[in-house]
Amino acid sequence: MWSYMPFAQTLIHWYQRHGRDLPWRHTRNPWHILASEVILQQTQVKQGWDYYLRFIERFPTPQAMADANEEEVMTYWQGLGYYSRARHLHAAAKTLATMPTMPQTAADWQRLPGVGPYTAAAVASIAFGEAVAVVDGNVCRVLSRHFAMDGPIDTTAGLRDIRHMAQTQLPPEAPAAFNQAIMDFGATVCRPRNPECDTCPLRLSCQAFLQGRPEAFPIKARTIRIQERHLIYLFVLTPDGLWLRRRPADGIWPGLFEPLSFEAETFDEAERQCLAVLHTLTPNAQPALLAKPFIHQLTHRKLHCSALWWHTDTTLTPTNGFQAVGLAHLDDYATPVPVTRLLKHLSTITKA
Ligand code: SF4
């Protein structure tokens, strides 16, 4: 006989019947669970799936990743974005490789680089059965809707209430099942838009549904203002190769490689900067369009991306931190998602 609350009971029942069959659900290996959780932060499950399998095949243990250099780790991460996650995971692997045994509690996992309360709770509950609740966006949504919690989740007090509610609902005898159930339920049934309330097993107790306004929850104190920016990439191709430079260690895409880039509030301003720099290389340079303009969406920024390329038979010495990279070696350089996309266009053109 189950001793826990109907809310948890319903979710676990649902999970046993309808939970997604995901590769990281078949393991209690804490390193593999950690890798899956870090990969899935800010990444769709569909996209993260292959990355996870490739990752644990190449880095089956913390030691295997600790022995790899950063360039290789970044190459395996390329395309997932938010590259600081990979750097932190690499740092965590180095720390874990020095430990005689894996940490067992969420508090100990949280001492590792880049491991926050959510990831620590996921690893400790799933791998070691610690009765600690996970709180991510899915959990916030399910709890705030079901219990009609009106504290804004982007305030300290609102988040504290959610954490408390999650911990109160968590059945101590089944923390792994509950945590995975509520996250999966939030991702597939109680979705941000168009939740499946009509067939939801919680609808008779869900306060938001009973009030007729499920999508009003979770409540937020402030909505994020999306900034629109224009970004022009200039691919300079010389006899020695393509000019690439490593981005700074802070800001977006830290430490990744990119061609010349010009970002501004307007397209005209970005273009003016781009042409001014190109004309310092050679006054009569005529760049060509590399690809159709496209939009790359970041959390707080909508980037309108354009790309030009310019080819010269004259050998030029790269300056300002750029290096000429032979086209055959481009795969060794981890690049931001828009650059990776544009490199495919460049490769088609240069092979033609
Ligand atoms: S009834 Fe709707 S809002 Fe409530 S838990 Fe179910 S899917 Fe979410």
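How many cavities of 30 Å³ or more does a search of the whole structure find? The search finds 2. Before I go through them, one caution: this is a predicted model.

The assignment gives domain 1, residues 6–216, and domain 2, residues 227–351. Their C-alpha centres sit 36 Å apart. Across the boundary, 10 residues of domain 1 are in contact with 14 residues of domain 2.

Rolling a probe the size of a water molecule over the atoms shows where empty space is left. The largest cavity holds about 120 Å³ of space. It is lined by 15 residues. Which of them are closest to the centre? Phe185, Cys190, Cys197, Cys200 and Cys206. By class, the lining has 11 nonpolar residues, 1 polar and 3 charged. Helix α9, residues 137–146, gives the most to this lining, with 3 residues.

On to the second largest cavity. Here the space is about 40 Å³. I'll name the whole lining: Glu70, Glu71, Met74, Arg87, Arg246, Gly255, Leu256, Phe257 and Ala334. Those divide into 4 nonpolar, 1 polar and 4 charged. Which helix supplies the largest share? Helix α5, residues 70–77, with 3 residues.

Next, an open site. The second largest pocket has a volume of about 340 Å³. Its lining counts 14 residues. Nearest the centre are Leu330, Asp331, Leu343, Lys344 and Ser347. The lining splits into 6 nonpolar, 5 polar and 3 charged residues.

Now helix packing. Two packed helices are described by the angle between their axes and the distance between the axes. My example is α2, residues 30–40, against α8, residues 117–128. Their axes come within 9 Å. They cross at roughly 145°. Is the crossing left-handed or right-handed? Right-handed. On the α2 side, the contact uses Pro30, Ile33, Leu34, Glu37 and Val38. On the α8 side, Tyr118, Thr119, Ala122, Val123, Ile126, Ala127 and Phe128 take part. Sorted by class, the contact residues come to 10 nonpolar, 1 polar and 1 charged. From the names, Glu37 is the charged one, on α2.

Last, two backbone points. Most residues other than glycine have a negative phi, and most peptide bonds are trans. Two places here are worth checking against that. Pro218 lies in the loop between α12, residues 207–210, and β1, residues 227–238. The other is Trp253. It is not a glycine, yet its phi is positive, about 50°. Where is Trp253 found? In the loop between β2, residues 241–246, and β3, residues 257–258.

The largest cavity, about 120 Å³, has a lining with 11 nonpolar residues.

Notes
Residues numbered from 1 in each chain as written. Predicted model: local features only at pLDDT ≥ 70, side-chain atom pairs only at ≥ 80, totals over all residues. Heavy atoms only, no water. 1 Å grid on protein atoms, 1.4 Å probe; cavity = no way out; pocket = protein on both sides within 12 Å on 5 of 7 lines; lining within 4 Å. Points joined across faces, edges and corners; volume = space filled by probe spheres on them. Helix = DSSP H or I, 4+ residues; strand = E, 2+ residues; numbered from the N terminus. Axes fitted to C-alpha atoms, helices over the stretch in contact; angles between N-to-C directions. Left-handed = near helix turned anticlockwise from the far one by under 90°. Contact = heavy atoms within 4.5 Å. Domains from an automatic or database assignment.
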